[in-house]
Amino acid sequence: MPTGTRERMIVSAALLVREKGARATSIDDVLRHSGAPRGSVYHHFPGGRDELLLEATRYASAFVTTALQRAGDDPLAALDAFIAGYRSALLDGDFRPGCPIAAIAVEAPEPGQDGLLDSAGAAFTDWERAIAQRYVAAGVDPTRARDLATTVLAALEGALILCRARREIAPLGVVHQQLRELIAREIPKETP
C-alpha cells in the first residue's frame, strides 16, 4: 500500500470507483478510505474531484498494464492468472469489485471535457497492446494478435459485468474456458 497521502488517495479512489462507480465515489469517501486529512484534497489535487479521478484512472491503467507485462510468456498461463485474480476479487469482495476503467468509460462526460474518457480509452489501448505483444511473442500474426487481444479484453470486461449483475461467478468461468480454447487455437503448434 502506498505510504504518501497523495498516493493513498489515488489508490483509494481507484478501489472505490471499481466498487461504486465514478459518480458515486465522493471526495468524502476517498478521504475516509485513505485516511487523508480534508485539506489534502486541494493541496494534492487543485483540480478537485475530476483531477483525482483522472489520476486514479491513470493509476489503475498502469497497475493492470504492469501486471499484464509481468504475467509471463505463456499466453494461456497469463490468462489463467488474470482469471484467478478476477475470481478472487469478485468472491472476496462479495461481487462488488469491477473494473475502474470500465466504470470511468461508462460514466465519463463527453470526450475532451475532463480527460476521463480519453484516459479510459488510452488504458484499454495499453492493455490491448500488452496482451497482443504476448500473442505475437508466441507466434501469432500481429494483426490477428491485435484482434484477439480486443476480443479477450472485451470478453473479460463483459464477464466482470455479468458476474457483478448476477452475483455469481459462472460467467467468468464460461468466458475463461472459451478464451482458453480460442487462444490455444491461435498459437502456432511447434513442429518436431
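What follows is a friendly conversation about a predicted model, taken one label at a time.

User: Let's start with helix α2. Which of its residues are buried?

Analyst: Helix α2 covers residues 27-34, and its buried residues are I27, D29, V30, L31 and S34. The cover over them includes α1 (5-20), α3 (40-44) and α4 (49-70). Just past the end of α2, G35 has a positive phi of about 75 degrees.

User: Why is D29 called buried?

Analyst: The relative accessible area of D29 is 13%. Buried means under 20%, so D29 is buried.

User: What makes D29 and K20 a salt bridge?

Analyst: The closest N and O atoms of D29 and K20 are 2.6 Å apart. A salt bridge needs a side-chain nitrogen of Lys or Arg within 4 Å of a carboxyl oxygen of Asp or Glu, and the pair D29 and K20 is a salt bridge. As for K20, its relative accessibility is 37%, so K20 counts as partly exposed.

User: With which other residue does D29 meet in a salt bridge?

Analyst: With R32: their side chains meet at 2.8 Å, N to O. The cut-off is within 4 Å, and D29 and R32 form a salt bridge. Because they are three residues apart in helix α2, about one helical turn separates D29 and R32. In general, an α-helix has 3.6 residues a turn, so residues three or four places apart point the same way. R32 has a relative accessible area of 61%; exposed means over 50%, so R32 is exposed.

User: How many salt bridges are there in the whole structure?

Analyst: A search of the whole structure gives 11 salt bridges. One of them joins R167 and D94, at 2.7 Å from N to O.

User: What makes that pair a tie between separate parts of the chain?

Analyst: R167 sits in the loop between α8 (142-166) and α9 (170-186), while D94 sits in the loop between α5 (75-92) and α6 (100-107), so the pair ties together parts that are 73 residues apart in sequence. R167 is partly exposed, with a relative accessible area of 45%, and D94 counts as partly exposed at 40% relative accessibility.

User: Let's turn to helix packing. Why are α7 and α8 called oblique?

Analyst: The axes of α7 (residues 116-137) and α8 come within 8 Å and cross at roughly 125 degrees. Roughly perpendicular runs from 65 to 115 degrees and roughly antiparallel starts over 145; α7 and α8 are therefore oblique to each other. The crossing of α7 past α8 is right-handed.

User: Which residues make the contact?

Analyst: On the α7 side they are F124, W127, E128, I131, A132, Y135 and V136. On the α8 side they are P142, A145, R146, L148, A149, T150, V152, L153 and E157. By kind, the residues of this contact divide into 12 nonpolar, one polar and three charged.

User: How do you know that S119 is buried?

Analyst: S119, found in helix α7, has 11% relative accessibility. Buried means under 20%, so S119 counts as buried. Leaving aside neighbours within four places in sequence, S119 is in contact with L54, T57 and R58.

User: What covers the buried residues of α6?

Analyst: The cover includes α1, α4, α7 and α8. The buried residues of α6 are P100, I101, A102, A103 and I104.

Key. Residues are numbered from 1 along each chain as its sequence is written. This is a predicted model: local features need pLDDT of at least 70, side-chain atom pairs count only at pLDDT 80 or more; totals for chains, interfaces and linings use all residues. Side-chain values use heavy atoms; hydrogens and water are left out. Buried means under 20% relative accessible area, exposed over 50%, partly exposed in between (1.4 Å probe, protein chains only). Helices (H or I, at least four residues) and strands (E, at least two) are DSSP runs, numbered from the N terminus. Contact means heavy atoms within 4.5 Å. Axes are lines fitted to C-alpha atoms, for helices over the stretch in contact, and angles run from 0 to 180 degrees between N-to-C directions. Angles under 35 degrees count as roughly parallel, over 145 as roughly antiparallel, 65 to 115 as roughly perpendicular and the rest as oblique. A crossing is left-handed if the near helix is turned anticlockwise from the far one by less than a right angle, and right-handed if clockwise. Ala, Val, Leu, Ile, Met, Phe, Trp, Tyr, Cys and Pro count as nonpolar, Asp, Glu, Lys and Arg as charged, and the others, Gly among them, as polar.
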